[in-house]
Amino acid sequence: MSCLFCFSGDKLSPEERKGKYGDAWGQYADNEQTFKVKLCGAPCAEPCCWIGSMACFPCAQYKVRHMALNHGEPGSGWKNYQCCQGMFGGCCCVQPGNMGEDNCPQCCMCLEGCCCPGMAVSASQGMIMQQHSLGLDEDDVRLIRCNNCLQMLAFLSSCLNICIDCEGDDAVVAVINVAADITFCCVSGCMTARVYHEMTAREKEAPDSFQMQR
């Protein structure tokens with residue numbers, strides 16, 4: 001997590017808001033209100049959720065998505081479920097809303113959590129941000145920049161490993177991939193724990209007005 005602090009926490013630039021991922025988060029960049037806990041404070045606020053989400057990521061995403069769906073519309077169950085909630089659009093034959101979600105949303109969510117872990121946790125967080133008009137705090141911005149840097153580094157190192165044959169190159173690429181995996185595991189756990197904390201905290205603070213609002 002300490003590597004996040006190597007990146008700027010300034011608001012996303014116009015260039016960073018391009019593409020599916022940038023466009024998905026760019027819409028929240030200018031909102032002033034943020035989550036009750038920062039990303040790096042989520043493990044302390046919800047330690048069990050943080051550890052549990054890293055130990056069994058698909059199960060944690062299944063639970064949090066169900067909570068998020070019923071946080072917005074109590075008693076709706078899985079009625080409003082879509083693959084990644086349509087947050088990142090579709091690609092070719094993979095189109096949210098047309099993948100059998102109506103017939104078997106639970107199975108679709110399990111597949112989403114296993115096959116698209118990053119988008120799964122981002123979609124649940126995006127639902128809460130949209131409902132409560134929450135913006136990106138400094139930790140979120142650092143996360144986006146850190147993730148972009150790691151993905152680009154992994155891509156470039158893999159390309160160089162194919163083109164250049166030198167001693168120890170496989171080990172270097174393996175280290176980079178492990179670092180990227182560990183970072184993703186920790187950060188996704190923080191995101192999951194923070195979303196869980198936000199939902200439970202809001203419902204405990206004002207349950208009556210929250211029910212009326214929904």
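Asn-70 lies in helix α4, which spans residues 57-72 (helices are DSSP runs of H or I with at least four residues, numbered from the N terminus). The model is predicted, with pLDDT of at least 70 required for local features and 80 or more for side-chain atom pairs, whereas totals for chains, interfaces and linings use all residues. Residues are numbered from 1 along each chain as its sequence is written, and side-chain values use heavy atoms, with hydrogens and water left out. Asn-70 counts as buried because its relative accessibility is 15% (buried is under 20% relative accessible area, exposed over 50% and partly exposed in between, with a 1.4 Å probe and protein chains only). The side chain of Asn-70 reaches the backbone nitrogen of Gly-75 at 3.4 Å.

Most residues other than glycine have a negative phi. Cys-84, although not a glycine, has a positive phi of about 55°. Cys-84 is placed in the loop between α4 and α5 (105-115), and counts as buried at 5% relative accessibility. Ser-133, also not a glycine, has a positive phi of about 55°. Ser-133 is found in the loop between α6 (117-132) and α7 (138-163) and is partly exposed, with a relative accessible area of 45%.

The second largest pocket is lined by Tyr-81, Cys-83, Val-94, Met-99, Cys-108, Leu-111, Glu-112, Cys-115 and Cys-116. A pocket is an open set of points on a 1 Å grid over the protein atoms alone, where a 1.4 Å probe fits, with protein on both sides within 12 Å along at least five of seven lines; lining residues have an atom within 4 Å of a point. The volume of the second largest pocket is about 150 Å³, a volume being the space filled by probe spheres set on the points, which are joined across faces, edges and corners. Its lining has eight nonpolar, no polar and one charged residues (Ala, Val, Leu, Ile, Met, Phe, Trp, Tyr, Cys and Pro count as nonpolar, Asp, Glu, Lys and Arg as charged, and the others, Gly among them, as polar).

Methods:
Helices (H or I, at least four residues) and strands (E, at least two) are DSSP runs, numbered from the N terminus. A polar contact is a pair of N or O atoms within 3.5 Å; within protein, one must be able to donate a hydrogen and the other to accept it, and residues adjacent in sequence count only if both atoms are side-chain atoms.
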